[in-house]
Amino acid sequence: MQIETNILLFEIALTLYFLSTITGVIEIFRSKKGASKAAIYLAALGFIFHTGNIFVRYVQGGHIPVTNMHEAASFFSWCMLILFFFHEFRYRLGLLSSFIMPIVFLIMFSSAIFPREINEFLSPALQSYWFGVHVILAFLGDAAFAMAGGIGVMYLLQERYVKSKHLGGLFQKLPSLQVLDEINYHLITLGFPLLTLAMITGVIWANSAWGTYWRWDPKEVWSLITWLIYALVLHLRLTVGWRGKKAAILSIVGFIVVIFAFFGVTLILKTKHVFP
Amino acid sequence: MNIIVVGLNHNKASVEVREKFAFDSEKLPNALKHLKESKISTENVILSTCNRVEMYASVKNLDTDVEKIIHFLSDFHNVPQQALDDSLVIYQGPEAVRHIFRVASGLDSVVLGEPQILGQLKDAYGISLQHKSTSTLLNRLMKKTFSVAKRTRTETGIGKGAVNISFAAVELAKKIFEDLSGKSFMLMGAGEMAELAARHLIGNGVEDVTITNRTLARAEELAQEFGGKVIPFENFMEELLHLDIAICSTGAPNYILRKEQLHTIMKERKQKPMFIFDISVPRNIDPEINDLDNVYLYDVDDLKDVADANAEERGREADKAEKIVEAEVQSFLKWQNSLVATPTIVAIREKAEEIRKEELDKTLRKLGPLEEDKIKAIEYLSSSIMNKLIHPPTAALKSVEEDREIMIDMANRLFKLETEENNGKKK
């Protein structure tokens, strides 16, 4: 009965995110404003059901629901929405929902593809205080990088309008270059320490669970690659001023690596890293 | 009551004519007072701007009252009426309503969709309100006009996108820097367009202003006006290390800034974005500079293209706005039409009530003293007969049928009514 409840909540949330995405995309092609608001309301409504789904699974499983691909992807998109709402209400960026909601929806949709059973019995390794801290840090970090990637796409589009001197299309609706660049930077400065802390807690936890800090597991390797990329992004920005277009491209590259580390490593490479 | 527009505007009247008939803030109240006292027109709003002098009025008699208003225009300004002959525009009925809606929406403006006209019309109406120069019809019309103007502006893009070069430059700067306040700006050289753009930038919050010119005297003069500092022209490269926006309008015959030079400067300023607007002809800034990251270079033609594209877009949006105006004109006319029938309906009711009272009194007198509830019963009988009899004709008058005019006329004759509307109408 309870399993059905969480699946129902998930399906409703997924549908609402889909509608929000469609509305957001329509906003791109419309001359009138207003669809953006509808997209945000739909996303917020979906978020409520989504939170319900996560809560039900938490109660049922007795732990944060991130122990399989279905739960992990769902939690990923849930974290992204938290950041999305924060930025939407803080900065009121034009077309933000049109560029972020599709990413949220795709991640949520990928979650729908995976088996949805709840792991009621965790391996002893996961029954640790570090587990909760590690996953929340890691997922929020990934969500920040995903947002930065979306914002990077917006920046590149707007930059192309300004450089090409054809100020039609989305030029009027997209935020200014400076704002997009600043938010991109803020998101990376948020994601980077989160990822760093997630890796530190992961290493400590690994030691307490398996007695070794680092095992060169693909998941660990790809986390390290992700960390190095964003370290490079920040380094280049602060020393030689790689901002604007270059920073936007790097944040998109970083986002692709994050997605690969998230899905690819588990699906293609063999990892012992139980989800998370 | 008929709505009319009598006036002069940029479409037909030259500025020489318009200025002769302009109402300044001193003349305007007098004019309104005069119109009211002389009973030329019952309601008046006078819109006097640099592009138009238009009188919006409601009059009883179309033919004679329009003439009277034209007379008034020439008398009031002491200009012979012949001066108006070829320049005057006169609209009545639906055309007048449409014209007022179009004016407020910026559809009749020199710069399509410009927003100032709405404010000017609101001010003009405010003055009329202050002098009690409007009543039901114009009040309703003005209210509707403002809502139409709001609709056309929010639902279409007629007001979007800068259509002149200096505004386009500001708009662009805002899409690069978001907030211009606190941004630093350098004006290199002088010239009308450069100064105008500088003024707009400063009006939008640009604070740190530097001016440089080959002739220092002119630079000092501008620095005084803009509240900026002057640097020798040879030092402008140093300034490029930290400024955000530059307008270049020197008379140099060749490029004064090359790609390689700015490339080095950009490295040194750690790629802080820079917007350069090169107004000079021949151009002073190497156009290839636009290829550098975080540098945005626009020359006059670029900005002119932007402004033209915006103007074209506004033109397309104007079609949508015209459709909104047309729908609103129809809805206003519907309301106005329902107004025409009202005096007739009121007259029918009054007449019926009068007859009822008369006959009731007669009957009660004949019957002598009666109990209270019996008097009530007779009163009820009389009024219900009356209401049932006049209900169908008044309902028919309220409906919006094509033959309503005829119906009103017929009602007036059938019930032998003498309404205001009936008197005013010419046969």
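Predicted model: local features only at pLDDT ≥ 70, side-chain atom pairs only at ≥ 80, totals over all residues.
Student: What makes the contact between A:K165 and B:D302 a salt bridge?

Tutor: The rule asks for a side-chain nitrogen of Lys or Arg within 4 Å of a carboxyl oxygen of Asp or Glu. Here the N to O distance is 2.7 Å, so the pair meets the rule.

Student: Why is this pair said to join two chains?

Tutor: A:K165 sits in the loop between α5 and α6 of chain A, while B:D302 belongs to helix α12 of chain B, so the link runs from one chain to the other.

Student: How do you know whether A:K165 and B:D302 are buried or exposed?

Tutor: Buried means under 20% relative accessible area. A:K165 has 19% and B:D302 has 14%, so both residues count as buried.

Student: Why is B:D409 with B:R413 called a salt bridge?

Tutor: Their closest N and O atoms are 3.9 Å apart, and the limit is 4 Å, so the pair qualifies. The two residues are separated by about one helical turn because they stand four residues apart in helix α14 of chain B.

Student: What makes B:R199 and B:E225 a link between distant parts of the chain?

Tutor: Their side chains meet in a salt bridge at 3.0 Å, N to O. B:R199 is in helix α8 and B:E225 in helix α9 of chain B, 26 residues apart.

Student: How many salt bridges are there over all chains?

Tutor: A search of the whole structure gives 30.

Student: What makes B:E350, B:E354, B:E358 and B:D361 a patch of negative charge?

Tutor: Asp and Glu count as negative, and these four gather on the surface. A patch residue needs over 30% relative accessible area. B:E354, in helix α12 of chain B, has 53%, so B:E354 passes that step and is also exposed.

Student: How many disulfides are there over all chains?

Tutor: The count is zero. A disulfide would need a pair of cysteine sulfur atoms within 2.5 Å.

Student: How do you know whether the cysteines A:C79 and B:C50 are buried or exposed?

Tutor: With 2% relative accessible area, A:C79 is under the 20% limit and therefore buried. B:C50 has 63%, which is over 50%, so B:C50 is exposed.

Conventions:
Residues numbered from 1 in each chain as written. Chains lettered and ligands numbered in written order. Heavy atoms only, no water. Patch = residues over 30% accessible without salt bridge, like charges linked within 9 Å, V, L, I, M, F, W, Y side chains within 5 Å. Areas by Shrake-Rupley, 256 points an atom, 1.4 Å probe, with all protein chains shown as cover. Charge placed at Lys NZ, Arg CZ, Asp CG, Glu CD. Buried < 20%, exposed > 50% of the residue type's maximum accessible area, 1.4 Å probe, protein only.
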